[in-house]
Amino acid sequence: CEMGNAEKCYEFADHCCEVDDNECQCEYLRKASHLALEQSDTRKDSDIGIDPANRFVVFAQRTCCPEIDIGGCACDFWEPLCNEFHDKTFYEGDVNTPVCDRVSQWCCGRRSGLDGNHCSCDFYTHV
């Protein structure tokens, strides 16, 4: 993990952190996410149908923010990813989704069907 291998960070979180130690798991899954995004070329992982960066980020979000909320923990989780990796996309199925679109969904409520258009516009202006 410390040598820049995202898969090793994921394995550390999965095998070395205590089962109920969300803080430890979150830390190493965040590292895996950042490393995978840094190295991402939006390749499809044929086994799961999504790119490796997306897989790590989804695991990290579920671990770091177990409660589904709009504008709370999930927004705090995604916003730094957008600021740092605004030019990256996730491959999901047959679609490339920009990282910042995910932030708009979690911070502005677009994911839940709420009218987050003004928030989204403000957010994209910020980025």
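**Close-up views of side-chain contacts**

**View 1. Glu11, partly exposed at a relative accessible area of 30%, takes part in a salt bridge with Lys8.** This is a predicted model, so please read the distances below as computed values. The N-to-O distance between the side chains of Glu11 and Lys8 is 3.7 Å. Helix α1 holds the two residues, which sit 3 residues apart, or about one turn of the helix. Lys8 is partly exposed as well, with a relative accessible area of 44%.

**View 2. Salt bridges link Glu2, Glu27 and Lys31 in a network.** The whole structure has 4 salt bridges. One of them joins Glu2 to Lys31, with 3.2 Å between the closest N and O atoms. Because Glu2 belongs to the segment before α1 (6-15) and Lys31 to helix α2 (residues 22-39), this pair ties together parts that are 29 residues apart in sequence. Lys31 also meets Glu27 in a salt bridge, at 3.7 Å from N to O. Here the spacing is 4 residues within helix α2, about one helical turn. How exposed are the members of this network? Glu2 is exposed at 63% relative accessible area, while Lys31, at 28%, is partly exposed. Glu27 is partly exposed too, with 39% relative accessibility.

**View 3. Tyr10, Phe56 and Phe59 form a cluster through ring pairs.** Across the whole structure there are 4 aromatic pairs. Among them, Tyr10 and Phe56 make a tilted pair, with ring centres 5.7 Å apart and 45° between the planes. Tyr10 and Phe56 are both buried. Look out for Arg55 here as well: its charged end sits over the ring of Tyr10, 5.9 Å from the ring centre. Arg55 also lies over the face of Phe56, where the distance to the ring centre is 4.7 Å.

**View 4. Phe77 and Trp78 are both buried.** Which aromatic residues sit edge-to-face, with their planes at 85°? They are Phe77 and Trp78, whose ring centres are 5.7 Å apart.

**View 5. A disulfide connects Cys26 and Cys64.** The structure contains 6 disulfides in total, and in this one the sulfurs are 1.9 Å apart. Its torsion about the S-S bond is about 110°, so the link between Cys26 and Cys64 is right-handed. The bond spans distant parts of the chain, from Cys26 in helix α2 to Cys64 in helix α3, 38 residues apart. Cys26 and Cys64 are buried.

**View 6. Cys17 and Cys24 are joined by a disulfide, with 2.0 Å from S to S.** Is this link left-handed or right-handed? With -65° about the S-S bond, the link of Cys17 and Cys24 is left-handed. The two cysteines, Cys17 and Cys24, are buried.

View 7. Cys65 is buried at 6% relative accessible area, while Cys73 is partly exposed at 29%. Cys16 is partly exposed, with a relative accessible area of 47%.

Terms used
Residues are numbered from 1 along each chain as its sequence is written. This is a predicted model: local features need pLDDT of at least 70, side-chain atom pairs count only at pLDDT 80 or more; totals for chains, interfaces and linings use all residues. Side-chain values use heavy atoms; hydrogens and water are left out. Buried means under 20% relative accessible area, exposed over 50%, partly exposed in between (1.4 Å probe, protein chains only). Rings of Phe, Tyr and Trp (its six-membered ring) pair if their centres lie within 6.5 Å; planes under 30 degrees apart count as stacked, over 60 as edge-to-face and the rest as tilted. A charge sits over a ring if NZ of Lys or CZ of Arg is within 6 Å of the ring centre and within 35 degrees of the ring normal. A disulfide is a pair of cysteine sulfur atoms within 2.5 Å.
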